[in-house]
Amino acid sequence: MSTLVQDPVPVADAPVVPVRTSERLRSWWHLPTALTVLALAALLVFGLGSPAADSTTFRLAAEGDLNPGGIVPGDVAIPARVLAIVLAALCLVIAGVLWWASATVTALGRWRTALVVVFGLLWVIAFLDWAFHGATVDVGAMLQTMMVLAVPLAFGALSGVLSERSGVINIAIEGQLLMGAFGAVLVGSMVGSPWAGLIAAPVMSLLIGVLLALFAVGYRVQQIIVGVVLNVFAIGLTSFFFGTVMKQNPQMFNQPLRLPTLRIPLLADLPVIGRVLFEQNILVYLMWIIVAVLTVALFRTRWGLRVRAVGEHPRAADTVGINVNGTRWGNVLLGSAVAGLGGATLTIGTGVAFGEEMSAGKGYIALAAMILGRYHPVGALAAALLFAFTDALQLRLGTLPTGSGAGIPSQFLLMLPYIVTLFAVAGVVGRVRVPAADGVPYVKQ
Amino acid sequence: MKLELRGITKVFGTFVANDAIDLVVEPGEIHSLLGENGAGKSTLMNVLYGLYRPDGGEILLDDEPVRFSGPGDAMRAGIGMVHQHFMLVPPFTVAENVMLGNEPGTFGFLDLASARRTVRELSARFGFDIDPDAVVEDLPVGAQQRVEIIKALSRQAKVLVLDEPTAVLTPHETDELMGIMRQLRDEGTSIVFITHKLREVKAVADRITVIRRGRIVGTADPSADQTELASLMVGRSVALDLDKAPAAPGEVALEVRGLGVTDADGVVLLDDVDLDVHRGEVLGVAGVQGNGQTELTEALLGLQKGARGSIRLDGAELVGRSTRQILDAGVGFVPEDRTHDALVPDFSVAENLVLDQHHRAPYATGVLLHPEAVRRRATAEVEEFDVRTGSIDDAVSTLSGGNQQKVVMARALGRDLSLFIASQPTRGVDVGSIEFLHRRIVAERDKGTPVIIVSTELDEVIQLSDRIAVMYRGGILGIVPADEDRDVLGLMMAGYTAEAAREAVAAGARTSDTTLADEGDIV
Ligand SMILES: Nc1ncnc2c1ncn2[C@@H]1O[C@H](COP(=O)(O)OP(=O)(O)OP(=O)(O)O)[C@@H](O)[C@H]1O
Ligand SMILES: [Mg+2]
């Protein structure tokens, strides 16, 4: 018995031990090539495109910040061309590392993602440097604008995550946002307190949630159609009230109310990030809490496991005693309430009165954020922040004084958020895993 | 617990799937349900489990009538079930699937560690080798079957329904499962056991009830011999052994050289495979599941991205061709996982039967489909393969498991082929139809088609093959004649080369597979 090849005991179930090779994947060059091209573009356009004489000012710390000994500098002015070239060079280094790792099949694990993220940050700073040369970038203010724009998108995307994880397509986010915005102002004005509006917003958009669940889950109507119809319904309903009662008596029904800003002492005084994180109204804090709670709930609790099972394989969930349609009803309602909070940020969150169709397509961008975020609460938030950042950038670039900055045409700037959305979604969409039963009603025999 | 079904009737449209069925299962009894494909066994069990609403009759547990509004009620009443079509959530891990609906933990938080422990304990106890953290969709069907069994057993049911739990188990695993069933029976569990493998029935059943076309047609004693049981089941006499003429192999038709497949993480799944298949011969592929059989068949059909090497069929290179081109070259293919890879559940039987040919004459010209031609073909195939369906326009998902398998086989065999590849060709098919399908495969061989058969049933491989290739860790360990000693094959499956295995057997080594083959009387 000395001629054995492998294990001496003939077990029928010997586990298969994977063997590793140094074989490269066919697509090994895709990522490094893309990064190299981007880095070279940064070098040529941002580096050589910035006038050698100009410098870009980044405003970090401000007067009155908690900044002992001035650790964080106030205004930093850097020669625009030098900075862009340095950043582009760093980008090239990262691309080089990835070339090396991909070509030699060195496993980088998490470092790979980290490198790509760092690459993205450096590239964006290089872009800002070029776009704002000769002017000032107020980083804190920019982040603040981003946050204001991101919050409704994030709430909307979370609504989508809740409902689609359980298998109900939620195109009606747009309508839910609109109803939330409407309800917050209407009830807030009638009671005379934005806090009443805060409670009314989720309740109002529950109306859309109930209708969605009733038709999609109860009557098994095609879910995309139901969603679109509900969006049209929400527009019609709110426009009607806006055009009639709200117009006639804005004092009574449509006041620009605003939730108070809750400032967390000390923390809010931190330079750069202090205000954006710790001087916001309650809705922003709620958003952070919901993202955290939902992440834990979806992946660490019994409820989350069941919700995901229902969205992936409802029959299997049924066979272990889970109430499929009950779970779906619950999640659609919960989701629509969350989206209602997003709607509230559009009105009482920013202190403006209700306006016709004021959600302006944000519900659809939220849907894209949900997909880009891979149906994960944290991913959805990150995607919402990304979209909001491009939007904030666009707003800021549009107000640059003539003679400074790269002078990008304003029409192009307006397109920017949508272009980023398009590329971001197209880039990940092949790798996103949609819940298998998303959009498929469950029927019992 | 005592289980009694009284006059259970279930009607689908106008089709009576269960017609006033009475069944009593005593506590501590293994009650075997036999019946041909489409007899109504799974339907009856789904009614018992609360998945289907009965149109008549009642269920009694310990002589108390019970009403189930859904599987949740049935579970709470102590009923557990292994489903013929696995009820597993594909992207979940094994541990998550096992605990679903019955999650350990406090305050609603999952206790994954304890779920993992449960899986490890159960799989150790039952001799299954299952990694609790493996994602179910990455597992071969055999492993999924084991997960489904572990899931049912972890609930400690008092009435346990096993609907074809052994269809894709290896003989060794089947043996372990039967041991567990005996143990549970001795602890007082009532077990309903559905299978098409008669030697298993003979080995464990205490009582046998036979169903045909929705009605009970009789009971049998486990001591009855297999031929008797088989004829009771299908209503005619069945030849259990395949007698086939020796092969008359022609020239080499399929030439595989250096075929390799590596997955996205750089793990080698198929390692430098060389293989020749002659015209008019059946090459069987044996091996423990997960040793590259799936990848081999899929690579042959162009379904594995990034396959390296060369596959020449009648001189033409197939590597780098699209699956459509390979199918058009006359390759008939039966995948191992029919539910996910072979059928479109909501399409009709007729549509599924032309799925691989729908774009060509006579079924289509240009963009136009010819429904008449499709229906004609479907009618003929349904007739020839004895597919039990109400109409060829019924959705294929409404067919019984065995009948779905027949549809897949009929599609693959229903045209002139230059190569036929089948994984688990008779999964879930009744004895009468196995006889037919085996004959049909041999007839295909005798027409001069090269045939490749992959099966977890070593018996099936031995019966059908002219030569047997044993796969181990992604490579072909050796190719031996079909009359090779079973023990040698068993040892080869565990990684011995043919010579080493023969030496070991000569020195007295045996494999666990043999004991089971001795127990049953097939082969
Ligand atoms: N949902 C359904 N709609 C219509 N007909 C159905 C449905 N489910 C099952 N049937 C029919 O009922 C009959 C019995 O099916 P069942 O699955 O119970 O058979 P089975 O005895 O389990 O067969 P097998 O051994 O092949 O698994 C079949 O003819 C099938 O076509
Ligand atoms: Mg069945």
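This is a predicted model: local features need pLDDT of at least 70, side-chain atom pairs count only at pLDDT 80 or more; totals for chains, interfaces and linings use all residues.
Ligand 1 lies between chains A and B, and of the 20 residues around it, Lys41(B), Ser42(B), Thr43(B), Ser400(B) and Gly402(B) come nearest. Within chain B, domain 1 (3-234) and domain 3 (344-404) both give residues to the shell, so ligand 1 also lies between these two domains. Strand E2 (15-25), helix H1 (41-48) and helix H14 (401-413) of chain B each supply at least two residues of that shell, and H1(B) gives the most, with three residues. By class, the shell is made up of twelve polar, five nonpolar and three charged residues.

On its own, ligand 1 has 630 Å² of accessible area, of which the protein covers 90%.

In chain A, three strands form an open sheet in the order E3-E2-E4, with mixed pairing. Strand E3 (75-79) and strand E4 (136-138) of chain A stand at the edges with a single partner strand each, so one side of each has no neighbour in the sheet. Neighbouring strands of this sheet are turned against each other by 20 degrees on average, direction ignored. Strand E2 (residues 55-59) of chain A pairs with E3(A) in the antiparallel sense over five bridges, and Ser55(A) has Pro79(A) in E3(A) as its bridge partner.

Notes:
Residues are numbered from 1 along each chain as its sequence is written. Chains are lettered from A and ligands numbered from 1 in the order in which they are written. Side-chain values use heavy atoms; hydrogens and water are left out. Two strands pair if DSSP finds at least two bridges between them. Helices (H or I, at least four residues) and strands (E, at least two) are DSSP runs, numbered from the N terminus. Axes are lines fitted to C-alpha atoms, for helices over the stretch in contact, and angles run from 0 to 180 degrees between N-to-C directions. A residue is near a molecule or strand if one of its heavy atoms lies within 4 Å of it. Accessible areas come from the Shrake-Rupley method with a 1.4 Å probe; for residues, only the protein chains shown count as cover. Ala, Val, Leu, Ile, Met, Phe, Trp, Tyr, Cys and Pro count as nonpolar, Asp, Glu, Lys and Arg as charged, and the others, Gly among them, as polar. Domain bounds come from an automatic or database domain assignment.
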